[in-house]
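Please walk me through this structure in the viewer, one selection at a time. I am new to it and would like to know what to look at at each stop.

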Amino acid sequence: MRADCGDCFGLCCVALPFAKSQDFAQDKSAGSPCHNLQDDFRCGIHTRLRDEGYRGCTVFDCFGAGQKVSQVTFEGVSWRERPESARAMYETLPVMRQLHELLWYLSEVLELRRAKSVHHDARRALDDIERLTRAGADELLAADVPAIRGDVNTLLLKASDLVRAQVPGRKKNHRGADLVGARLHSADLRGASLRGALLIAADLTGADLRFADLIGADLRDTRLAGADLTGAVFLTQAQVNAAHGDAATKLPPGLTRPARWTA
């Protein structure tokens, strides 16, 4: 469930569209290869994406869907070798990405000791989704992904409640809140629900986010210098990459501190 670009046919650089903005230097339509994509499916400016105006690429995470579509669904035959398969391949990527994202969250649930009471259901859901990800393109495209997400979200909510319950007292609920640019310096957000919260450019310097639920929170340009995210649940590497932290920022196990945080 981690991206391996070496086994992918550059699908995110072809299948997905992007618009000229502070995240992308130019427009690109879905199905059109990015002009930086090389013949070997590698990015020609990978080491300087931010400098070249492609910050959005540095915070995108397919959760391993790219290589699954490339090597499993389409059996290692690229869209260049078989152009007639290109459209189906491009349409399958977003579906696979959603399924792999759910696998990522369910795998985390199974690692949460306080969520033991939902482990059985989480394991069953994970196995069902894993089987689906190995199906053919037609079956994947016919899958009712919103229904699958809804069922999994019920489990994730239960797991979140169990984890956050270890924090005594009343927890803050900022689920879906618009906190763009909010001044939350040194805020006590232990066990808070920040599910889907807009925290773009918010100041969370020195904030206590231990055991907070951060699933779907928008952390673009969020300041996390000195913040403590120990035990935070459903935080992804893409969210971390989008934020600004430093050497003192504490992250949950399994997440990597971006090199630019300590540069």
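**Whole chain**

Start with everything selected: of the 263 residues of the protein chain, 47% are buried (under 20% relative accessible area with a 1.4 Å probe, protein chains only; over 50% is exposed, and in between is partly exposed). The model is predicted, so local features need pLDDT of at least 70 and side-chain atom pairs count only at pLDDT 80 or more, while totals for chains, interfaces and linings use all residues. Residues are numbered from 1 along each chain as its sequence is written, and side-chain values use heavy atoms, with hydrogens and water left out.

Switch to a cartoon view. The protein chain has seven helices and zero strands, where helices are DSSP runs of H or I with at least four residues, strands are runs of E with at least two, and numbering starts at the N terminus. The radius of gyration of the protein chain is 19 Å, close to the 18 Å from the globule rule for 263 residues, so the chain is as compact as a globular protein of that length. That radius is taken over C-alpha atoms, and the rule is 2.2 Å times the number of residues to the power 0.38. Along its principal axes, the C-alpha trace spans about 60 × 45 × 25 Å.

Now colour by charge. The protein chain has 35 positive and 34 negative side chains, and the centres of the two sets lie 7 Å apart. Lys and Arg count as positive, Asp and Glu as negative; His and the chain ends are not counted. Each charge is placed at NZ of Lys, CZ of Arg, CG of Asp or CD of Glu.

**Aromatic rings**

Next, show the Phe, Tyr and Trp side chains. The structure holds seven aromatic pairs; rings pair if their centres lie within 6.5 Å, with the six-membered ring used for Trp, and planes under 30 degrees apart count as stacked, over 60 as edge-to-face and the rest as tilted.

Select Phe18 and Phe24. Their ring centres are 4.3 Å apart and their planes are at 5°, so this pair is stacked. Both Phe18 and Phe24 are buried.

Move to Phe41 and Trp79. Here the ring centres are 5.8 Å apart with the planes at 65°, so the pair is edge-to-face. Phe41 lies in the segment before helix H1 (55-58) and Trp79 in the loop between helix H2 (65-73) and helix H3 (86-109), 38 residues apart, and the pair links these distant parts of the chain. Phe41 is buried at a relative accessible area of 16%, and Trp79 is buried at 9%.
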